[in-house]
Every structure is written in C-alpha cells, then in structure tokens.
Amino acid sequence: MFENQEIHYLKKAVRKTAESCYNLRKRGMLFMADKTNTIQELNLADSFLFGKVMSDTEICRMVLEKILNVPIKKVEFPVTKKITDIAPDSGDIRLDACINCTFDPFSDGRHIYTFENRCLEDMSLTLGDETTEIFISTKGKKDDADDEIKDFLAYIENSTDACAQQTSSPLVKAIHKRVTEIKLDKIWNCSIQIYYRCR
C-alpha cells in the first residue's frame with residue numbers, strides 16, 4: 001500500500017515538474033548553474049535546491065532573521081501571499097525579494113545590499129509601500145556581515161559535509177541537515193533529474 005502511494009506521488013511530481021520545465025523553457029526562464037552536476041554535488045547556489053530548502057519554514061525563518069537582523073517569530077507561506085510574523089517590538093516587515101547571488105551584483109564588495117522604493121529626485125521621499133529587496137552576495141569582501149552570515153554565504157557555493165563541519169554556525173548546520181535530507185529524498189531526486197533533462 002505504502003509503495004503504491006509513493007509511486008502515485010512520484011508520478012504526480014514527475015508530471016508537475018515536466019510541465020513546469022516545459023513552461024519555463026518556453027518563456028526562456030529555465031536556467032541552472034551547471035547541468036552536469038550530480039544531485040549530490042548540488043550546492044545552494046542551485047535555484048531548485050535553494051527553493052526547496054527555503055520552503056522549510058523554520059530554515060527560512062532562521063535565514064531571514066539572520067539577514068534582516070530582527071527577531072522573527074514565525075514564517076508562513078499562504079497560497080496567495082507570503083507573510084512574515086516579526087516579533088511585536090520590532091515592527092512589521094514585508095519582504096518581497098531576497099536574491100541570492102554567486103557574484104557581486106553591484107561591484108561594491110558587500111555581502112548584503114538592501115533596497116527600498118525611493119524617489120530618485122528626492123531620496124528622503126519613500127513610496128511607503130514597505131517593499132524591500134535584498135541581494136546577498138557570496139563574493140562580498142567588506143566587513144559588513146557577521147561570521148555566521150559569511151559562513152552561510154560560503155556554504156551556498158560549497159554545500160558539503162566538510163564545509164558544514166568547519167563552521168560553528170547553528171544556521172549552516174540546520175541548513176546542511178535539511179540539504180542532506182533533501183538529497184536523499186527519492187521523489188525530489190527524480191524531480192531534479194527531470195528538471196535537468198528539460199534544459
């Protein structure tokens with residue numbers, strides 16, 4: 001019985017993944033870091049793996065809390081929109097995008113770039129929509145982030161047992177545990193293989 005259910009879910013996952021690949025390819029939006037990688041060699045720099053790891057609400061909460069440097073009580077991903085519950089004394093924050101870059105997108109040597117909607121003619125005027133976009137760069141050189149953020153960014157490009165063992169970061173260790181679980185998941189393995197073949 002369990003095996004039949006597993007096969008049913010596997011077929012469903014394969015079908016949905018194949019449809020997604022087709023639609024993304026059709027719109028010219030399908031890209032991967034290196035399609036020759038095996039599943040075990042994938043790093044968090046791979047958007048498919050990064051998305052899967054960040055769909056874990058506790059991992060996502062920990063990462064956002066670290067990047068935003070504010071306490072976050074919980075993270076929820078409702079179907080229609082994403083809501084982040086911040087601790088009562090820290091105010092509400094709406095995070096629309098956190099973009100993970102394995103390059104320095106603005107060539108300023110920063111690990112974290114944070115943007116809000118502002119008037120270009122008068123920078124003191126904000127749009128007031130509380131939209132925030134954050135770019136995190138694995139190639140930062142400045143002393144603008146703590147060691148745990150730097151360890152996390154290093155792990156994005158080198159998501160290995162060795163990298164996880166070299167850090168004392170609870171964040172990296174939790175993420176690595178989840179990465180390891182995902183890489184051992186048979187349905188996910190099948191989905192990622194199909195995803196690569198769609199290229």
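**Helix packing around α6**

Visitor: Is the crossing in which α2 passes α6 left-handed or right-handed?

Guide: Helices are DSSP runs (H or I, at least four residues), numbered from the N terminus. A crossing is left-handed if the near helix is turned anticlockwise from the far one by less than a right angle, and right-handed if clockwise. The crossing in which α2 passes α6 is right-handed.

Visitor: What kind of model is this?

Guide: Residues are numbered from 1 along each chain as its sequence is written, and side-chain values use heavy atoms, with hydrogens and water left out. Local features need pLDDT of at least 70, side-chain atom pairs count only at pLDDT 80 or more, and totals for chains, interfaces and linings use all residues, in what is a predicted model.

Visitor: Which residues in α2 meet α6?

Guide: Contact means heavy atoms within 4.5 Å. On the side of α6, the partners are I175, R178, V179, I182 and K183. The residues in α2 that meet them are L49, K52 and V53.

Visitor: How are α3 and α6 oriented to each other?

Guide: The axes of α3 (residues 57–68) and α6 (residues 170–184) come within 10 Å and cross at roughly 150°. Axes are lines fitted to C-alpha atoms over the stretch in contact, with angles from 0 to 180 degrees between N-to-C directions. Angles over 145 degrees count as roughly antiparallel. The orientation of α3 and α6 is therefore roughly antiparallel.

Visitor: How many disulfides does the structure hold?

Guide: A disulfide is counted as a pair of cysteine sulfur atoms within 2.5 Å. The number of disulfides in this structure is zero.

Key
Helix = DSSP H or I, 4+ residues; strand = E, 2+ residues; numbered from the N terminus. Parallel < 35°, antiparallel > 145°, perpendicular 65-115°, else oblique.
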